[in-house]
Structures are given as structure tokens and as C-alpha cells.
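Student: Could we go through this model together, starting with its pockets?

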Amino acid sequence: MSLKQKLQEDLKTSMKNKDTLRKSVITLIRSSIKQIEVDKRIELNDEDIIDIISKQLKQRNDSLEQFLEAGREDLVEETRSEIQVLKEYLPQQLSEQELNEIVKQTISEVGATSMKDMGKIMSVIRPKTKGRADGKLINKLVKENLQ
């Protein structure tokens, strides 16, 4: 079953179960998919859909930080719930330890020696970790390993 079909089935289930949070998150994902498909006149595959979900997850994480700073507990809980729903549609996330190993391997592959090589390292790491790791965490680990 493709990711698009799974989203459709989960949308039906959430409507039957009156799970408004899950329904709204899935509807948002599906509308983003539809928007891109209409604009570009293409059919998105699972990898493209994972990119969309990853982007939405990143937006939610950024919002969560802002809500925490502002002390908006009502929005914090809702955003955390949305993040959990989004994570269900992404591949298994890499642990920090697994990610650190990938970073070390990539640094040696590229032959990086300083922060000037950050762009080269990130361009090699991104395809390896697509949808399975947060870019901020990757960036942090690269900086730690280059020092």
C-alpha cells in the first residue's frame, strides 16, 4: 500500500472514530500533496510525500519551540500531538548514536578537515538520512565532529 493510500484509509478511519486531531493533520498532508501535484502536474511517489511530511514536521517543531517560549501550554499540547501523528508516516528515525556514526563515516569519505567543508558533508549526508533524521541534529553532530 502506498503512503498516499494509507493516508486515505487513515483519513476515513479518523472520520469514523471522530478523531479530529488526526483528521486535521492528515487533511493538511493530503492538501499539500494535492497542491504540489496540481501545480507541477505530476504524481508524487512515497519519497516525495515523505519530504512533504518531513517539512511539516519541521514546521511543527519550530512552532513548538516558539509556543514553549511564549508559555502557551494549550498550543504546546496540540502541537506535540500533531508531531506524533506526523511521525507515524515517516520511516523509523535514526538514533543520535546511529546518526553520529553516519556523520563520522561521511566526514572521512569526503576528507573534511574544517568547517569550510560543511556544505560538502551535508550534501552527502542528506540523501543517506532523508526523512529519518532532523537537519538541526545532523548539523550539530557535524560541528561536534569537526572540532
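Student: How does the lining of the largest pocket divide into nonpolar, polar and charged residues?
Tutor: Eight of the lining residues are nonpolar, six are polar and nine are charged. Here Ala, Val, Leu, Ile, Met, Phe, Trp, Tyr, Cys and Pro count as nonpolar, Asp, Glu, Lys and Arg as charged, and the others, Gly among them, as polar.

Student: What should I know about the model itself?
Tutor: This is a predicted model, in which local features need pLDDT of at least 70 and side-chain atom pairs count only at pLDDT 80 or more, while totals for chains, interfaces and linings use all residues. Residues are numbered from 1 along each chain as its sequence is written, and side-chain values use heavy atoms, with hydrogens and water left out.

Student: Back to that pocket, then: how much space lies in it?
Tutor: The largest pocket holds about 510 Å³ of space. Of its 23 lining residues, Ser54, Gly131, Ala133, Asp134 and Gly135 are the closest to its centre. On a 1 Å grid over the protein atoms alone, a pocket is an open set of points where a 1.4 Å probe fits, with protein on both sides within 12 Å along at least five of seven lines, and lining residues have an atom within 4 Å of a point. The volume is the space filled by probe spheres set on the points, which are joined across faces, edges and corners.

Student: Which helices supply at least two residues of that lining?
Tutor: Helix H3 (46-70), helix H6 (118-129) and helix H7 (135-146) each do, and H3 has the largest share, with six residues. Helices are DSSP runs of H or I with at least four residues, strands are runs of E with at least two, and both are numbered from the N terminus.

Student: What about the second largest pocket, which residues line it?
Tutor: The lining is made of Ser32, Ile36, Leu44, Asp48, Asp51, Ile52, Lys55, Gln56 and Gln59. Helix H2 (20-40) and H3 are the elements that give two or more of these residues, with H3 giving the most, six. The volume of this second pocket is about 160 Å³.

Student: Changing topic, how many helices and strands are there in the protein chain?
Tutor: The chain has seven helices and zero strands. Of its 147 residues, 32% count as buried, where buried means under 20% relative accessible area, exposed over 50%, and partly exposed in between, with a 1.4 Å probe and protein chains only.

Student: Which residues of H3 are buried?
Tutor: They are Ile49, Ile50, Ile52, Ile53, Gln56, Leu57, Arg60 and Leu64. Their cover includes helix H1 (3-16), H2 and H4.

Student: And in H4, which ones?
Tutor: The buried residues of H4 are Val76, Thr79, Glu82, Ile83, Val85 and Leu86, and what covers them includes H2 and H3.

Student: Why does Thr79 count as buried?
Tutor: Thr79 counts as buried because its relative accessible area is 5%. Thr79 sits in helix H4 (residues 73-87).

Student: Which residues does Thr79 touch, leaving out those up to four places away in sequence?
Tutor: Thr79 touches Arg60, Leu64 and Phe67, where contact means heavy atoms within 4.5 Å.
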